[in-house]
Amino acid sequence: MADITVTEHLLLHQKRTPQATGQFTGLLYDLILSGKSIARRINQAGLLDILGGTGEVNVQGENVQKLDSIANRIMLYRMERCGALCAMSSEEEADLVRVRPEFPRGDYILIFDPLDGSSNIDVNINVGTIFSIFRRPEGNTGEVSLNEVLQPGVKQVGAGYILYGPATMLVLSTGQGVHGFTLDPGVGEFLLSHPNMRIPQQGHIYSVNGGNWKNWDETTRKAVSWFRTCETPDGKAYSARYVGALVADFHRTLIYGGIYMYPPDIVKPHGKLRLMCEANPLAFLAEQAGGKASDGHGRILERVPDALHTRTPLFIGSTKDVEAVENIYAHPVV
Ligand code: AHG
Ligand code: MN
Ligand code: MN
């Protein structure tokens, strides 16, 4: 395959997409640069005493890992200076981060999870950075209000993730399909390796933290049990796979098909995952790849967030598998 760099790919797309301005391409370029910096720190983590926790607890009530904090700082530093943003929201920041007046301001809003799956860091298992991009509502200027940021996922103009795995990969959609790029560390560039990614209509893998079984209601148990007993079109049983890093579990689902589930339970009645920095961007990718993302009752992308850190149940992946769950929730066990 001819080597197409992500920059070349974006420039080609910029010509085809009226909404993709030079500002938008610049935003993506700086996001990619941030991802490369984070990848480098992760690769060296075991050597630089940056494994383990900081001893702090974040706004989500979760232990902050040193690399959560480093990734967050790399993103905030670079992206505030990119000239395309007016505000950011990070999983690790309680409040909206507005671009300060000393930096050039643009029309876009960036929401991100700087390091997803960070509890896996100490055991050298995949982690990733997930991002979601919105445009500021037309005609608004001055200080950005929270309401301008709390947009439903359908309004995203771009979304993706950088997966730090055996290879570092960027998976991106600007609304024209999903494209995957692999970092060639020798040249320091992401090269197009997975053009036009499509999720199979039905998969053969389900992914859920079965340890939550005792906290699920009967309807959720029925939904999970469905995949323990149903068959693929060629008569095979489904396999269970759960990394515990959403970005990695989603990446596998995007390529092989199947379903990733994080249902509500009695301890987490709204689910665990964050709508804006986790569910929305992956739902955008899933739909762009021909799959589906649901909260069990309806489309993730239509949910209007009531806060930056709103949580949601998530069922995402192959259309048939997600629809099977929606059908079960449509007839709750009483
Ligand atoms: P984060 O590391 O950004 O806090 O996200 C962790 C999330 C997600 O990546 C993963 O799928 C999920 O937590 C795992 O939760 P359980 O350990 O409850 O299964
Ligand atoms: Mn996360
Ligand atoms: Mn995180």
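The structure is a predicted model, in which local features need pLDDT of at least 70 and side-chain atom pairs count only at pLDDT 80 or more, whereas totals for chains, interfaces and linings use all residues. Residues are numbered from 1 along each chain as its sequence is written, chains are lettered from A and ligands numbered from 1 in the order in which they are written, and side-chain values use heavy atoms, with hydrogens and water left out.

Several polar contacts (pairs of N or O atoms within 3.5 Å) involve oxygen atoms of ligand 1. A polar side-chain atom of Tyr-242 lies 2.5 Å from an oxygen atom of the ligand, a backbone N or O atom of Ser-118 lies 3.0 Å from one, and an N or O atom in the side chain of Asp-113 is likewise 3.0 Å from an oxygen atom of ligand 1.

The protein donors of ligand 3 (N, O and S atoms within 2.8 Å of the metal, or 3.2 Å for Na, K and Ca; water is not among the atoms, so sites may look incomplete) are Glu-91 (OE), Asp-113 (OD) and Leu-115 (O), lying 2.2 to 2.4 Å from the ion. Glu-91 lies in the loop between strand S3 (85–90) and S4 and Leu-115 in strand S5, so the pair ties together parts that are 24 residues apart in sequence; strands here are DSSP runs (E, at least two residues) and helices likewise (H or I, at least four), numbered from the N terminus. Both Glu-91 and Leu-115 are buried, that is, under 20% relative accessible area, with exposed meaning over 50% and partly exposed in between (1.4 Å probe, protein chains only).

Eight strands form an open sheet of mixed pairing in the order S4-S3-S5-S6-S7-S8-S9-S10, where pairing requires at least two DSSP bridges between two strands. The edge strands, each pairing on one side only, are S4 (97–98) and S10 (189–194). Within the sheet, S7 (residues 158–164) and S8 (residues 168–173) pair in the antiparallel sense over six bridges, and Tyr-161 has Val-171 in S8 as its bridge partner.

In the loop between S5 and S6, Asn-124 has a positive phi, near 55°, although not a glycine, and counts as exposed at 72% relative accessibility.

Definitions and conventions: A polar contact is a pair of N or O atoms within 3.5 Å; within protein, one must be able to donate a hydrogen and the other to accept it, and residues adjacent in sequence count only if both atoms are side-chain atoms.
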